[in-house]
Amino acid sequence: MSAQLLQGGPLAQTMRAQVAQTVRELAEQGRPVCLAAVQAGERPESLMYVESQRRYCNEVGIDFRLKQLPDAVTQGAVMRAVQELNEDSGVHGIILQLPLPARIDAQAAQRAIDPRKDAEGIHPVNLGLLVYGVLQCAPCTAFACYHLIKSLDQDLYGMEAVVVGHSQIVGKPMGLLLQHDFCTVTTCHVATRDLAMHTRRADILVVAVGKARLITKEMLKPGAIVVDVGINQAPALSKKGKPLLDTEGKPRMRTVGDVDFEGAKEVAGWITPVPGGVGPLTTTMLLRNVAQAAKNLYLQERREHPELSGPLLPFDRGGET
Ligand code: NAD
């Protein structure tokens, strides 16, 4: 058996087109949508991420603003930067670029973001709303995995779902999303005694750990939907499982997930590749959150200031981006 590929690219493209449409409608009402990023210092991985956010925003018509702070920034200055963006009615989404310098309490800074502008969907208010099934700003990676699973158009009611990893931003919200579809959800983590015993029962397996090839084909139920969130650098292997070397005789590295893809695809029904599975959708969810936030803020403004109301836009009548 060979699994079908569950790729994020095509779905991401469709969703970005929907986001672009919402952004266009808002712009036509004189309300350009804006995402603001706060960055401290000049860490190369963070700079790369900022540039890719700028590119994605440009693609769907969202303005991108960068608030650059010095490496020696204080906690107070980070909090003030966030507060200014909270109060700026021209900003609809805020993202704090991690890592921040070690002395900065990043969680406190993230919690200071107005939950209505929480581009990453990880503010305690938004995670709390998720418990009630309300997706105002959705946690990007978990929501990306959820969309991939839903794109298979299967009835999830009663399915066994196993989530490996219980981080606040991926594993925990993932479990909540699947529960809303009446999956029976098991969450595994570093203290789980017999991981394989759980994963072998999974009709849906989502893995978000950060350990290359943690999940092998022996740990899967035949036909399972396997969503691999992990991003790891690991030695590239030949078909016989030997490390491949570069011209200098050093192990050649490649990006892999938490699932041993080559083995798993013999057993799974569907599987996400790494790269190319969850990744492309995650950034799309960020854009979706910003457009959704702009739409919500606009609707709130109309309620508070009816004198500003013009004719109803299509999205005023409800529905999601
Ligand atoms: P994290 O690093 O905060 O936590 C890791 C989780 O794995 C914890 O719940 C821990 O208990 C669990 N764990 C550790 N060892 C384990 C083991 N041996 N067996 C079972 N569980 C174990 O997690 P995170 O921030 O959710 O990130 C997880 C991975 O997902 C990382 O590789 C990260 O780079 C990747 N990631 C990818 C995307 C994307 O868009 N594709 C987004 C976010 C994170």
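**Figure 1. An open sheet of six strands.** Six strands with parallel pairing make up an open sheet, in the order β1-β11-β8-β7-β5-β6. At its edges are β1 (4-5) and β6 (184-188), each of which pairs on one side only. Strands are DSSP runs of E with at least two residues, helices are runs of H or I with at least four, and both are numbered from the N terminus. Two strands count as paired if DSSP finds at least two bridges between them. Strand β7 (residues 204-207) runs parallel to strand β8 (residues 225-228), and four bridges join them. Valine 207 has aspartate 228 in β8 opposite. The model is predicted: local features need pLDDT of at least 70 and side-chain atom pairs count only at pLDDT 80 or more, while totals for chains, interfaces and linings use all residues. Residues are numbered from 1 along each chain as its sequence is written, and side-chain values use heavy atoms, with hydrogens and water left out.

**Figure 2. Helix α7 and methionine 174.** Helix α7 (residues 171-180) lies across β5 (160-164), β6 and β7, and runs at about 170° to β5. The axes behind this angle are lines fitted to C-alpha atoms, for helices over the stretch in contact, and angles run from 0 to 180 degrees between N-to-C directions. Methionine 174 is in contact with Ala142, Cys145, Tyr146, Ile149, Val163 and Val206, leaving aside its neighbours within four places in sequence. Contact means heavy atoms within 4.5 Å.

**Figure 3. The largest nonpolar core.** This core has 52 residues, and those with the most contacts inside it are Leu35, Ile62, Ile149, Met174, Leu178, Ile204 and Val206. Domain 1 (29-114) and domain 2 (139-279) both contribute residues to the core, so it lies between them. A nonpolar core is a set of buried Ala, Val, Leu, Ile, Met, Phe, Trp, Tyr and Cys residues joined through side-chain atoms within 4.5 Å. Buried means under 20% relative accessible area, exposed means over 50%, and partly exposed is in between (1.4 Å probe, protein chains only). In soluble globular proteins, nonpolar side chains tend to be buried together. The C-alpha centres of domain 1 and domain 2 are 30 Å apart; domain bounds come from an automatic or database domain assignment.

**Figure 4. Strand β4 and its pairing with β2.** Strand β2 (residues 34-40) pairs with β4 in the parallel sense over four bridges. Alanine 36 is opposite isoleucine 94 in β4. Gly93 and Ile95 point one way from β4, Ile94 and Leu96 point the other way, and all are buried. In a regular strand the side chains alternate between the two faces of the sheet.

**Figure 5. Two cis peptide bonds.** The bond from leucine 98 to proline 99 is cis, with omega near 0°. Proline 99 is in the loop between β4 (93-96) and α4 (106-111). Valine 274 and proline 275 are also joined by a cis peptide bond, with omega about 0°. Proline 275 is in the loop between β11 (270-271) and α10 (279-304).

Figure 6. Aspartate 153, a residue other than glycine, has a positive phi near 60°. It lies in the loop between α6 (140-150) and β5 and is exposed, with a relative accessible area of 72%. Phenylalanine 182 has a positive phi near 65° and is likewise not a glycine. Its place is in the loop between α7 and β6, and its relative accessibility of 53% counts as exposed.

**Figure 7. Aromatic pairs.** A search of the whole structure finds two aromatic pairs. In one, the rings of phenylalanine 143 and tyrosine 146 have centres 6.2 Å apart and planes at 10°, so the pair is stacked. Both residues lie in helix α6, three residues apart, about one turn of the helix. Phenylalanine 143 is buried at 5% relative accessible area, and tyrosine 146 is buried at 13%. The rings of tyrosine 157 and phenylalanine 182 have centres 5.3 Å apart and planes at 35°, so this pair is tilted. Tyrosine 157 is in the loop between α6 and β5 and phenylalanine 182 in the loop between α7 and β6, so the pair ties together parts 25 residues apart in sequence. Tyrosine 157 and phenylalanine 182 are both exposed. Rings of Phe, Tyr and Trp (its six-membered ring) pair if their centres lie within 6.5 Å; planes under 30 degrees apart count as stacked, over 60 as edge-to-face and the rest as tilted.
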